[in-house]
Structure formats: C-alpha cells, structure tokens
Amino acid sequence: MGGFGRLLAAAAVALAGWQASGGGAAASCYPVARAPGGFMPASFRIAAVKANHVRIDFVGHSTFVVESPEGVRVATDYNDYVRPPFLPTIVTMNNAHDTHYSYAPDEGIAHVLRGWDPAGGVARHNVSVKDVRVRNVPTNLAEWGGKWRNGNSMFVIESQGLCIVHISHLHHVLSEDQLRDLGRIDIAFAPIDGMWTMSHQELFEVLGQIKPMLVIPMHYGSMGGVQAFVQRARAKWKVREHGSPSIELSFRDLPRQTEVLFLAGR
C-alpha cells in the first residue's frame with residue numbers, strides 16, 4: 001500500500017474507533033509587545049519525556065495529550081466519550097458540545113479550562129504549571145440560525161520552546177486581534193472534516209494565517225473529507241504519516257517548511 005493509501009487507512013481506523021467509542025522553561029508564544037479506551041499508547045505508561053521535548057499522543061477525535069518533561073499532562077477537548085487512561089493535570093474543552101467537553105470532569109483534575117463562559121461573558125485562561133503554560137483565544141461558534149459570540153476557544157499550549165494550538169471547533173477565519181493574541185504558532189492540531197467545523201477552504205486560510213511548521217490532523221469527519229484534505233494539502237506541503245499515535249518533538253525537530261503529519265489513531 002502506498003503512502004496515500006496508508007494515510008486513508010489510518011484515518012479509517014481513527015474514524016471507526018471514534019464511532020465505536022459513541023529549552024526546559026515554558027515558551028512565550030505572545031508577540032514581544034504582549035509578553036508578560038482499551039488502547040493505551042506506549043507513552044501512556046511510565047517512560048519520561050526527554051529534556052527539551054514534548055510528547056504528543058492522539059487519543060481520538062479531537063483529544064490529544066501533550067506531556068512535558070516535568071510530567072505535566074494537558075488533555076485537549078476532554079469529554080465523556082474519548083479519554084486518556086489517567087487523570088491529566090490540565091484539561092481544555094473548546095465548546096459545550098458533548099464530544100468536546102465533559103459534563104462531570106473528575107474532581108482530581110487540577111485545572112479544568114472551558115472555552116466559553118457559562119455565565120455568558122468571555123472565557124479567559126492563562127494557567128502555568130511547572131514547565132507548561134496553557135491559555136485561550138476566544139472565538140465565535142456557529143449554531144443553527146446564527147453565531148454564538150465567544151462560544152468557543154482555541155487553546156495554546158506552551159512548553160520547551162514550542163507553541164502548540166488546538167484550532168478547536170473553529171467556524172471562521174481569524175481576525176487580526178485573534179491572530180495577535182495567538183502569537184507564534186509552531187504546531188497546529190487541525191480539524192479536517194471540512195463540514196462540521198470549517199470548510200477546507202476556510203481551514204487552509206486559517207493555516208495560512210497562523211503559519212505553523214507542523215499540522216497534525218484531527219476531527220476527521222468522513223473518509224471523503226479526509227481524502228479531499230489530503231489531496232489539497234499535498235498540493236502545498238509534504239504530507240507524512242507516523243506509525244504510532246505518539247511522538248516526541250523538540251523545537252529542533254520541526255520541519256523548515258510546513259508539513260502535515262498524521263498520527264496513527266483508533
């Protein structure tokens with residue numbers, strides 16, 4: 001099977017699993033002016049993260065775990081369907097859709113960061129734990145009949161000189177203010193469904209705005225959507241696959257030009 005076929009096969013495995021499931025210091029990604037589950041990947045066991053690296057595990061759908069050398073674990077889009085087999089230190093939930101948040105997150109989680117304000121205001125988070133910082137950039141959320149202003153957040157995870165953004169359930173291209181708040185982005189977790197979040201046209205416009213060096217797909221949606229994304233991505237960038245749901249990266253490991261990297265998944 002060729003590389004493209006393996007990509008589609010890996011996406012099919014991730015989709016099927018989702019359907020079945022129902023250095024050293026923290027980086028500053030701000031612009032200078034703003035500076036202050038039965039499957040268990042091997043990295044979910046005991047091995048420590050190497051110095052100056054972060055470990056990224058794709059748990060499924062839009063949930064990743066980012067782990068630092070000091071043992072801080074951040075789980076994105078923590079929900080009641082797809083979860084890592086341990087309690088993370090920090091969880092983010094981009095919007096109040098049941099595949100992206102938990103109705104009852106475990107009380108043992110130190111920091112539960114919601115991407116919306118249940119009281120109707122604007123969610124603001126900027127949390128530092130050991131060698132990790134997590135902050136949010138509020139965005140709008142499309143709903144039937146209109147948009148819910150500030151109903152969603154993109155979360156930025158900073159550690160070991162790397163700035164990682166979970167693009168989230170984003171439904172629009174970014175404003176200049178949002179881009180300024182994001183700051184430099186090295187790695188982007190990108191929804192590639194092309195339907196429930198953004199169209200592929202909008203997604204590629206957003207990726208052009210934030211200019212990450214590495215794009216890691218998530219929120220696959222359908223096989224047709226995955227194939228359309230891959231075909232479009234290959235016209236612009238190198239598209240690679242990683243044989244594991246887990247990868248350790250340092251700033252020096254980033255490609256010099258933007259690449260797409262599919263992690264294996266359920």
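Modeller: Glycine 120 is found in the loop between strand E5 (111–114) and strand E6 (126–129), where strands (E, at least two residues) and helices (H or I, at least four) are DSSP runs numbered from the N terminus. This is a predicted model, in which local features need pLDDT of at least 70 and side-chain atom pairs count only at pLDDT 80 or more, while totals for chains, interfaces and linings use all residues. Residues are numbered from 1 along each chain as its sequence is written, and side-chain values use heavy atoms, with hydrogens and water left out.

Colleague: Is glycine 120 buried or exposed?

Modeller: Buried means under 20% relative accessible area, exposed over 50%, and partly exposed in between, with a 1.4 Å probe and protein chains only. Glycine 120 counts as exposed because its relative accessibility is 62%.

Colleague: How many residues of strand E10 (residues 187–191) are buried?

Modeller: In E10, 5 of its 5 residues are buried, with Ile187, Phe189 and Pro191 on one side and Ala188 and Ala190 on the other.

Colleague: Which strands pair with E10?

Modeller: Two strands pair if DSSP finds at least two bridges between them. Strand E9 (residues 162–166) pairs with E10 in the parallel sense over 3 bridges, with histidine 166 having phenylalanine 189 as its bridge partner. E10 also pairs with strand E11 (residues 214–218), in the parallel sense over 5 bridges, and there phenylalanine 189 stands opposite isoleucine 216.
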